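Welcome, and thanks for taking a look at this two-chain model.

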Amino acid sequence: MSAKLVFLGRLEELAGTDGISVDVPLGWAALLAHLEEHYTPDLVETVAGVRVKVALNGALIAEKGGVVLAEGDELAFLPPVSGG
Amino acid sequence: MSDVRLLTSGFDPAAELSAFTAAHPQAGGIVSFLGQVREGAGCEALELRHYDPLTLPAMQDLATRVRGRWALDGLLVIHRSGVMLPAEPIVLVAAAARHRRDAFAAADFAMDHLKSESWFWKREKTGGQWRWIEPREQDFEDIARW
């Protein structure tokens, strides 16, 4: 049973990958702990910060602290955009 | 109807604008904006990344907002994703309206919102090194005008 995490923009550089698979169920605090264990403190601090938004299965989440990942979910971390 | 496209390969802005114009003979005015990769300052390439579940749907929502705010005959929004070289087109917006003021304002609004709210992440290659580009303060000031 797994879900996917997607790192956009410069988060991909911080994570060293554009996406990883994680075991579920997984709540927000456990997710941060998992990232802390396997990746840089920079990544954890950035994804937990106010400037990074998250989308669960393509829908933006207002309160990322309430996220609980289930089988097949895709959670994307979205740093500030810079288009055009 | 709006024509909103997210492209992962190059496009010909002149041909697109020509086709858009031909499709809207009833419009008295067509305003367009073309954004291209700036040459100079050591820029070797620009890359825009997008996220499939969000990027195109949000561009379509933006087009709907523009259509709701100004009386347009047509709206064209084309945005590139992927690696582009200097002088290559990144974005083309065109608005067709009976009268020019609606067309100017709609194209301006669409561009400001594409720049600051669309789901794109940009990095630039200079001296063989890729560097992510953070949003500019000016982009937030631009959007605050509306």
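This is a predicted model: local features need pLDDT of at least 70, side-chain atom pairs count only at pLDDT 80 or more; totals for chains, interfaces and linings use all residues.

## The sheet of chain A

Let's begin with strand 1 (residues 2–7) of chain A, which is joined to strand 2 (residues 19–23) of chain A by five bridges in the antiparallel sense.

Which strands stand at its edges?

## A helix pair in chain A

Now look for helix 2 (residues 28–38) and helix 3 (residues 41–48) of chain A, whose axes are 7 Å apart and cross at an angle of about 155 degrees. Are the two parallel or antiparallel? An angle over 145 degrees counts as roughly antiparallel, and helix 2 and helix 3 of chain A are therefore roughly antiparallel to each other.

From helix 2 of chain A, the residues that take part are A:Leu32, A:Leu35 and A:Glu36, and they meet A:Pro41, A:Leu43, A:Val44, A:Val47 and A:Ala48 of helix 3 of chain A. Sorted by class, this contact has seven nonpolar residues, one charged residue and no polar ones.

## Where the chains touch

How many residues does each chain bring to the contact between them? On one side there are 14 residues of chain A, and these are in contact with 21 residues of chain B. Helix 1 (10–15) and strand 7 (74–78) of chain A each contribute at least two residues to the side of chain A that touches chain B. That side of chain A is made up of seven nonpolar, five polar and two charged residues.

## Chain B as a whole

Chain B holds four helices and eight strands. Read from the N terminus, its elements follow the order β-α-β-β-α-β-β-β-α-β-β-α. The radius of gyration of chain B is 15 Å, close to the 15 Å that the globule rule gives for 146 residues, so chain B is as compact as a globular protein of that length. Along the principal axes, its C-alpha atoms fill a box of roughly 50 × 30 × 30 Å.

Of the 146 residues of chain B, 32% count as buried. Among the contacts in chain B with a separation of 6 or more, 77% come from residues 24 or more positions apart.

## A buried strand in chain B

Seven of its seven residues are buried, so strand 4 of chain B is largely enclosed by the rest of the structure. B:Gly74, B:Leu76, B:Ile78 and B:Arg80 point one way from this strand, while B:Leu75, B:Val77 and B:His79 point the other way.

Strand 4 of chain B runs parallel to strand 1 (residues 2–7) of chain B, and six bridges join the two. Here B:Arg5 stands opposite B:Ile78. Strand 4 of chain B is also joined by six bridges to strand 6 (residues 89–97) of chain B, in the antiparallel sense. There the bridge partner of B:His79 is B:Val91 of strand 6 of chain B.

## The antiparallel sheet of chain B

Chain B also has an open sheet of four strands in the order 5-3-7-8, with antiparallel pairing. Strand 5 (82–84) and strand 8 (129–133) of chain B stand at the edges with a single partner strand each, so one side of each is left without a neighbour in the sheet. On average, neighbouring strands of this sheet are turned by 25 degrees against each other, direction ignored.

To find the partner of strand 8 of chain B, look to strand 7 (residues 120–126) of chain B: these two pair in the antiparallel sense over five bridges. Within this pair, B:Arg123 stands opposite B:Trp132 of strand 8 of chain B.

Methods
Residues are numbered from 1 along each chain as its sequence is written. Chains are lettered from A and ligands numbered from 1 in the order in which they are written. Two residues are in contact if their C-beta atoms, placed from the backbone, lie within 7 Å. Ala, Val, Leu, Ile, Met, Phe, Trp, Tyr, Cys and Pro count as nonpolar, Asp, Glu, Lys and Arg as charged, and the others, Gly among them, as polar. The radius of gyration is taken over C-alpha atoms; the globule rule is 2.2 Å times the number of residues to the power 0.38. A residue is buried if 20 or more other C-beta atoms lie within 10 Å of its own, exposed if 12 or fewer, and partly exposed in between; C-beta atoms are placed from the backbone. Two strands pair if DSSP finds at least two bridges between them. Axes are lines fitted to C-alpha atoms, for helices over the stretch in contact, and angles run from 0 to 180 degrees between N-to-C directions. Angles under 35 degrees count as roughly parallel, over 145 as roughly antiparallel, 65 to 115 as roughly perpendicular and the rest as oblique.
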